[in-house]
Structures are given as structure tokens and as C-alpha cells.
Amino acid sequence: MGTVPSALKHCLSYQHLLKEQLWIGEPAAPPPALHPGQEFQISGLPDYVKIVEVGPRDGLQNEKVTVATDIKIELINRLSKAGLSVIEATSFVSSKWVPQVSKQLYSMGCYEISLGDTIGVGTPGSMKKMLEAVMKEIPVSALAVHCHDTYGQALANILTALQMGVGVVDSAVAGLGGCPYAKGATGNVATEDVLYMLNGLGINTGVNLYKVMEAGNFICTALNKKTNSKVAQASFNV
């Protein structure tokens with residue numbers, strides 16, 4: 001077959017590292033060193049990000065199929081065993097009221113306020129503007145983001161929020177959910193996809209990606225539907 005090119009060897013070895021490390025939440029080892037002047041580094045990111053799993057409520061409430069209580073309990077147990085310590089749901093409000101409502105909630109004693117793009121039309125630019133406006137009213141340490149992936153912008157929006165100091169991200173296993181008020185709006189950003197990105201950035205979450213994928217497969221089987229997670233789709237097709 002001939003000699004395997006050096007670049008291909010590096011590619012294969014790095015793929016192996018991804019398989020070994022990204023599933024379990026350990027920071028992936030960096031790829032082979034580039035030529036001088038080609039190195040890059042993403043700065044300004046948090047060391048730890050808290051994942052808030054909203055699938056069991058916010059995700060399932062928009063499903064047409066009624067999910068039995070025992071199935072919901074089993075899903076929550078599986079997600080908990082994966083390392084997800086916060087499993088809940090959030091609400092939303094019109095974007096023009098976000099800064100005012102956020103300030104009101106914070107002054108009332110709310111320790112964490114989740115800013116939601118529940119129809120998934122936001123972009124990194126609009127995310128940046130919204131956060132800049134809200135951060136004038138309340139500290140970034142009290143903020144979380146809740147993104148849907150209707151236009152494929154969720155991960156980019158989350159990365160923008162992380163770069164601005166946000167350390168809490170809402171997501172739903174298997175990308176469950178949608179928005180009953182916006183026709184065509186897809187589900188929450190998939191927890192699996194968020195974890196894959198964060199693990200690749202070397203950001204700690206304490207969550208086992210592979211176990212979340214198993215939980216996603218469990219609930220999708222119960223719902224008789226295909227997962228919306230790109231990571232799960234690619235992994236299960238390998």
C-alpha cells in the first residue's frame with residue numbers, strides 16, 4: 001500500500017485522541033505543533049462551564065408524543081449519572097424587554113438569569129449586542145444563555161457568550177424541544193454538541209459526553225425519533 005504520509009499519520013493519531021478524550025470530558029491533547037507563526041490560541045474563555053440540562057422539561061414539552069412518567073424519570077437518572085448536576089427548564093420574553101426584565105429579576109434576588117433565543121434567529125453579532133446591553137444592568141456572573149439551533153447559529157452564539165464571560169449554558173439532550181410560538185423553530189442546542197465543543201476547547205464541565213449520548217439514544221428510542229445532535233448522528237453512524 002506504500003508509506004502513509006506524515007500529515008495523514010498526524011490526522012489519524014489526533015482522531016484517536018478525540019475518540020479517547022472528548023467523550024469523557026478531558027481536555028483533548030493539542031494537535032502536532034504547526035510551523036512558527038501558525039500557532040493560535042483562543043483566550044478569554046472560562047475554565048469551567050456549568051451545563052443546565054433542559055431536555056426533560058423544556059425539551060419534552062414540545063413533543064407531540066406523551067412521554068410516560070417512568071421514561072422521564074429514567075431519562076433524568078441517566079443524565080444525572082452522566083455528571084449533569086442541574087436539570088431544569090427556563091422561560092423567555094420578548095428581546096426588547098430582556099435588559100429591563102433581567103435587572104428586575106436580579107433585584108428580586110434571582111441568582112441566575114437565562115437569556116433565551118427560543119426561536120433560534122440570533123447570530124453572534126446579535127448575541128454580543130444583547131449581552132452588552134444586559135451586562136450594563138447586572139453582572140455577567142449572574143447570566144446564562146439558552147440557544148435554539150433553527151438557523152444553525154447556536155454553537156457560534158454560545159462561543160460568543162463564553163468569550164464575553166458567560167459561564168452557564170442551557171442545552172437539551174438530543175436537541176429536544178422547539179418553540180410553540182414560532183413555526184419551524186427547531187429544538188434546543190443539543191447537549192452532546194455543546195459538550196463536544198467545550199471539551200475540544202479544553203473547558204471543564206464535569207460531564208461525560210458518552211453517557212449523555214446514551215441518554216439521548218434512550219429518549220429518542222422512546223419517542224421513536226431521530227436525534228438532533230450532530231455529534232450523536234456522526235458517532236452512531238461510524
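Modeller: Let's start with Asn224, which is found in the loop between α8 and α9 (230-237). Helices and strands here are DSSP runs numbered from the N terminus (H or I, at least four residues, for helices; E, at least two, for strands). This is a predicted model, where local features need pLDDT of at least 70, side-chain atom pairs count only at pLDDT 80 or more, and totals for chains, interfaces and linings use all residues. Residues are numbered from 1 along each chain as its sequence is written, and side-chain values use heavy atoms, with hydrogens and water left out.

Biologist: What makes Asn224 exposed rather than buried?

Modeller: Its relative accessible area is 72%. Exposed means over 50%, buried under 20% and partly exposed in between (1.4 Å probe, protein chains only), so Asn224 counts as exposed.

Biologist: Where does Ala174 lie, and how do you know whether it is buried or exposed?

Modeller: Ala174 sits in the loop between β5 (168-171) and α7. With a relative accessible area of 1%, it falls under the 20% limit, so Ala174 is buried. Ala174 also has a positive phi, about 65 degrees, without being a glycine.

Biologist: Why is helix α7 called mostly covered?

Modeller: Eight of the 10 residues in α7 (residues 191-200) are buried, including Val194, Leu195 and Leu198. Gly202 follows α7, with a positive phi near 80 degrees.

Biologist: Why is α3 called roughly antiparallel to α8?

Modeller: Helix α3 (residues 69-81) packs against α8 (residues 209-223) at about 170 degrees, with axes 8 Å apart. Axes are lines fitted to C-alpha atoms, for helices over the stretch in contact, and angles run from 0 to 180 degrees between N-to-C directions. Over 145 degrees is roughly antiparallel, under 35 roughly parallel, 65 to 115 roughly perpendicular and the rest oblique, so the pair is roughly antiparallel.

Biologist: Which residues in α3 and α8 meet?

Modeller: Among them are Leu75 and Leu79 in α3, and Phe218 and Ile219 in α8; contact means heavy atoms within 4.5 Å.

Biologist: How do you know that β3 and β4 pair?

Modeller: Pairing takes at least two DSSP bridges between the strands. Five bridges join β3 (residues 113-117) to β4 (residues 143-147), so they pair, and they run parallel.
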